[in-house]
Amino acid sequence: MEDYKGSARPLVVLCAVGVALRFLFLCLAGDLEFQSDEANYVYLAVSWNHFGFYSDSYRYLWPPGYPFFLAVCLDGFEMGGLFVAKLLQVLASASIGFTTMLFARRLYGGRTALVAGAIWCGYLPLIGFTHYFWSETLFLALFLPALYQVLVVLQADGGARDGRILLAGLLLAGALFVKEMPLYLAPLLALLLAVFPTGLARIEGLRRASLFLLAIAVPILPWTLRNAEVYGRFVPLGASLGENAHGGLNAPYKNFDLTAYGRHLFLEESPETLARPWFVAADPDGEWARAEHIRNTPDRLAENQRRGLAYAAEHPGWLFRSRIKKLADLVAPASFFVRHQGIGRYEESVLGQLSVRRALVSLAMLSPVILLLLAAGGWFGTRMDRTSRWLLGTVLGYVALTSLLVSMSRFRIPMVPFLIVLAAGFATRGGRAGGRRALFSIAAAWAVLACLWWVDLPETLAVIRYAWGGAS
C-alpha cells in the first residue's frame, strides 16, 4: 500500500472540475423527455407529494429513497423541483468523484488519485446519470463512502474504529433506501470485517461485524415493518427480483439498452433481433407469463421469481448460453447516454447537434472499452494490499453476479468507480507487479473481453449506427 496521506486540495480541485462539467451537461441537455422508469419514479414522487402515500409501481416494489427525494424537490419548488433534483444530483456526484480518488490514493498513491479523478471527470456514462431521473447518482454518493469506511477499518489504520463502522453501516443503509441491490452484499462485508485484520481476536471481529449489521438494520427496520403492515409481508425496503426474473429467466431475450430503439424508432429489425442466436435461442413454447392474477405485489413478485427459477432449472443448456450473453451485455460499450442519442432524446439540445453528437457518441462508446482493458491490467498487473484486493474483489464479483439476471450497462454503474481506480493504477503503477504470470493473466483477461465484445458485436454496430445518425 502506497502512502495515502497528503493534501486533499488537488482532489478537491479535480472534484470541482468534474461537478462543473456535469453542470454544463445539465444546462446543455435541455428538457429531456422521460425514458422508461424515469416516468415511474416521477409518478411515484407526484403521488407521494400530492396524495400523501407511497405506492408500488405494480411491476416493482421500489425502496422509497429516490421517489421521496423527488417528492421533496417537488414540494419545495413545484414543477421547478425536477430541475432542482437534477441540480442536486450534480452536486451529489462530488461524493462519487472524491471517494473514487480517495480509494485510488489509499491503494496506489497521490499521483494515481489524480489520474482516477481525471477519468471520473470525463466519463460520459456517469455524467449522463446526473441529468436523468434514475437513482444511480444518489445511490453511488452513499454506497462508495460506505465502502471506503469499510476499507479503512479493514486496514486498521487510524481513527475511531467503532465510529467508522457505524458510519459505514448508516451510509450503506442510506444506499439501500435508494436501491436494494447491495442487500446481500452487507453480510459479505460483515464477514470481511469479522476476518480482517487477522491479528484481531475472533470475538473482536465478530463484534465489529455485528455492529456493522446493526447499523444497517436499525434504519431499515421501520420501512420493513411498514411493508409488513401494507402488504402483509416482511420485505426489507423493496423487491424487484420477480420482475427481473421475468426479463432474465425467460425465453425472449431482453436487454434494456436495446429495447427502446425498436419502440421509439418503429424499427422492423431492432438491435435486439440481431443477437447471435446460439446465445439467446430458447424453446418458444416455454415462455412464461407474469402472475397477473396475484394482486398483492410482493406475492406476485415471489411467484414470478419461482416461475423464473423453474424455467431455468428446466433449461440448463439455455441457462448456460444465455448467461454468457448477459456477461457480454454487462461489458458491452453501451450506455444510457448513447441510447438517449440514438432515440433522439437530445435532438432538440446542443448535445444533439450533428458534430457534437458524433464526438460525444464516439467518446461514450470508447470509454467503457478503454476502461475495462486498463482495469483488467490494474487487477492483474499492479500490487495492492490483501484487504483491498478482497474488498474490491467482493464488490466487483457481487455486482457481476447480480447482473447475470438482467444485464445492461446500467447494472455496470456500481462497478465503474472501482474500475476507474484499477485503470488509474495500471496507468501509473503498471509493471511493478510484473513477471510472466501477470502478463499472461492480463492477456487472458483481454482475450475474454474481446470474446464477449464479439458476442455483442451485431447489436453494438447497430447502436453505433443509430446514435451516429440520430433518430431522424
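A residue counts as buried when its relative accessible area is under 20%. The model examined here is predicted. By that cut-off, both Tyr41 and Tyr66 are buried.

Aromatic contacts were examined next. A pair of aromatic rings is described by the distance of the centres and the angle of the planes. The count comes to 21 aromatic pairs. Phe103 and Tyr148 form another edge-to-face pair. Their ring centres are 5.3 Å apart, and the planes make an angle of 80 degrees. Phe103 lies in helix H4 (residues 81–107) and Tyr148 in helix H7 (residues 136–154), so parts 45 residues apart in sequence are tied together by the pair. Phe103 is buried, at 2% relative accessible area. Tyr148 has 11% relative accessibility and therefore also counts as buried.

Ring pairs also build a cluster, made up of Tyr41, Tyr60, Trp62, Tyr66 and Phe69. The charged end of Arg22 lies over the ring of Trp120, 4.0 Å from its centre. Over the ring of Phe336 sits the charged end of Arg339, at 4.1 Å from the ring centre.

H2 has 15 residues. From first C-alpha to last, H2 reaches 21 Å, close to the 21 Å expected at 1.5 Å a residue. Its buried residues are Asp37, Glu38, Tyr41, Val42, Leu44, Ala45, Ser47 and Trp48. An α-helix has 3.6 residues a turn, so residues three or four places apart point the same way. The buried residues of H2 pack against H3, H4, helix H10 (202–231) and helix H16 (336–342). Just after H2 comes Gly52, with a positive phi of about 75 degrees.

The structure holds zero disulfides. Cys15 is in no disulfide, and the nearest cysteine sulfur, that of Cys121, is 7.7 Å away. A disulfide requires sulfur atoms within 2.5 Å. Cys15 has 8% relative accessibility and so counts as buried. Cys121 is likewise in no disulfide, its nearest cysteine sulfur being that of Cys15. At 7% relative accessibility, Cys121 counts as buried.

Notes: Residues are numbered from 1 along each chain as its sequence is written. This is a predicted model: local features need pLDDT of at least 70, side-chain atom pairs count only at pLDDT 80 or more; totals for chains, interfaces and linings use all residues. Side-chain values use heavy atoms; hydrogens and water are left out. Rings of Phe, Tyr and Trp (its six-membered ring) pair if their centres lie within 6.5 Å; planes under 30 degrees apart count as stacked, over 60 as edge-to-face and the rest as tilted. Buried means under 20% relative accessible area, exposed over 50%, partly exposed in between (1.4 Å probe, protein chains only). Helices (H or I, at least four residues) and strands (E, at least two) are DSSP runs, numbered from the N terminus. A charge sits over a ring if NZ of Lys or CZ of Arg is within 6 Å of the ring centre and within 35 degrees of the ring normal. The expected span of a helix is 1.5 Å times one less than its number of residues. Contact means heavy atoms within 4.5 Å.
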